[in-house]
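The notes below are set out as numbered points for a colleague who wishes to check them against the coordinates. Please read them with the sequence and the model open side by side.

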Amino acid sequence: MAAEKIELIYSLCLPYSTLRDEDQRDAIIDALDGMPIQSLWLRVDGCGADSTPTAVRNYASACWDFGHLGVPIVADQMGGLPGLSLLALSAVGGLASGLAVGERFHAAHWHRAQTGSAFMAHPRVYLPALDLSLDSDDAKSLFSANVRLKGLFGCKDPDCCARGVIDMIERPARHFAIQRMKQVAEISHHPQTLRPNLFLERSVRPTTDYALQLSKAVGIGEPLQKRMARHRHRLDGMRLMLAKLIDSNQVPTQVRTPKTRVMREGAAPANR
């Protein structure tokens with residue numbers, strides 16, 4: 001392949017303080033403007049699946065500015081409802097993460113020497129209805145503590161987990177991958193002008209309702225109850241933030257999407 005046909009991905013790692021600083025952000029955009037890159041992958045230190053509503057709003061605002069570069073933007077290691085919100089808000093054209101791991105970016109380990117043996121984090125069990133990931137032991141305890149919770153939050157997708165909760169826990173990476181792809185596909189299925197409101201009504205509001213039910217469930221243990229109380233508070237804030245942002249008419253109606261393999265091979269245009 002000729003060198004000029006090699007498409008370059010620019011990976012940009014930033015502290016959150018830099019991302020939300022308009023002057024620093026503009027300087028970075030000016031420096032990137034005109035560079036021969038085909039997509040921009042953002043990693044923002046401290047941002048991820050558990051980001052606050054304010055962080056998600058600032059992330060979206062920054063991505064709308066980066067959109068002036070005219071290249072697709074991918075939110076790298078930005079998982080959960082925060083990442084899906086960025087897709088629905090046309091702030092980014094794609095998401096990247098590991099399989100049930102790597103949904104939050106931390107750069108702290110880059111600044112200290114490694115001690116001991118390196119190890120890979122174990123995949124966690126993803127509960128899409130709650131936007132929550134649990135260790136396998138915690139997931140087992142949750143489903144065994146209350147049969148009703150097993151019915152509410154156990155996977156009932158036969159294409160994903162034929163044995164329900166058993167497959168969720170024994171094959172968490174596969175379960176996560178299938179459910180996340182379906183979440184992204186659900187957003188992509190609708191016109192971009194309709195995505196924000198549909199995402200708010202069909203994804204965010206039901207998730208807050210389910211989180212409320214779990215926080216009041218009997219037999220789940222005090223640590224999980226406290227965690228769910230914090231989680232529910234964050235979800236409520238996310239719902240209010242998205243509603244205000246949508247009502248403000250600041251959300252763009254177009255976003256550039258990264259090329260699929262078919263697109264890279266020239267069978268279809270890069271943007272739609």
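1. D135 counts as partly exposed, at 38% relative accessibility, where buried means under 20% relative accessible area, exposed over 50%, and partly exposed in between (1.4 Å probe, protein chains only). The model is a predicted one, in which local features need pLDDT of at least 70 and side-chain atom pairs count only at pLDDT 80 or more, while totals for chains, interfaces and linings use all residues. Residues are numbered from 1 along each chain as its sequence is written, and side-chain values use heavy atoms, with hydrogens and water left out.

2. The side chain of D135 meets that of R124 in a salt bridge, at 2.6 Å from N to O, the term standing for a side-chain nitrogen of Lys or Arg within 4 Å of a carboxyl oxygen of Asp or Glu. Because D135 lies in the loop between β6 (132–134) and α5 (136–145), and R124 in the loop between β4 (94–96) and β5 (125–127), the pair ties together parts that are 11 residues apart in sequence. Helices (H or I, at least four residues) and strands (E, at least two) are DSSP runs, numbered from the N terminus. R124 is partly exposed, with a relative accessible area of 27%.

3. The structure holds 13 salt bridges, and one of them joins D157 to K182, with the closest N and O atoms 2.4 Å apart. Since D157 lies in the loop between α6 (147–153) and α7 (165–170) while K182 lies in helix α8 (residues 172–188), this pair ties together parts that are 25 residues apart in sequence. D157 counts as buried at 14% relative accessibility, whereas K182 counts as partly exposed at 37%.

4. R163 and E170 also form a salt bridge, in which the closest N and O atoms are 2.9 Å apart, and a network of salt bridges links R163, D167 and E170. R163 is partly exposed, with a relative accessible area of 47%, and E170 is exposed, with a relative accessible area of 53%.

5. Which residues are in contact with D76, leaving aside its neighbours within four places in sequence? They are W41, L42, R43, Y59 and A96, where contact means heavy atoms within 4.5 Å. D76 itself lies in strand β3 (residues 73–76) and counts as buried, at 8% relative accessibility.

6. T253 lies in the loop between α10 (222–247) and α11 (261–264) and is partly exposed, with a relative accessible area of 46%. Leaving aside its neighbours within four places in sequence, T253 is in contact with Q192 and T193. The C-alpha atoms of T253 and A229, which are 24 residues apart along the chain, are separated by 34 Å.
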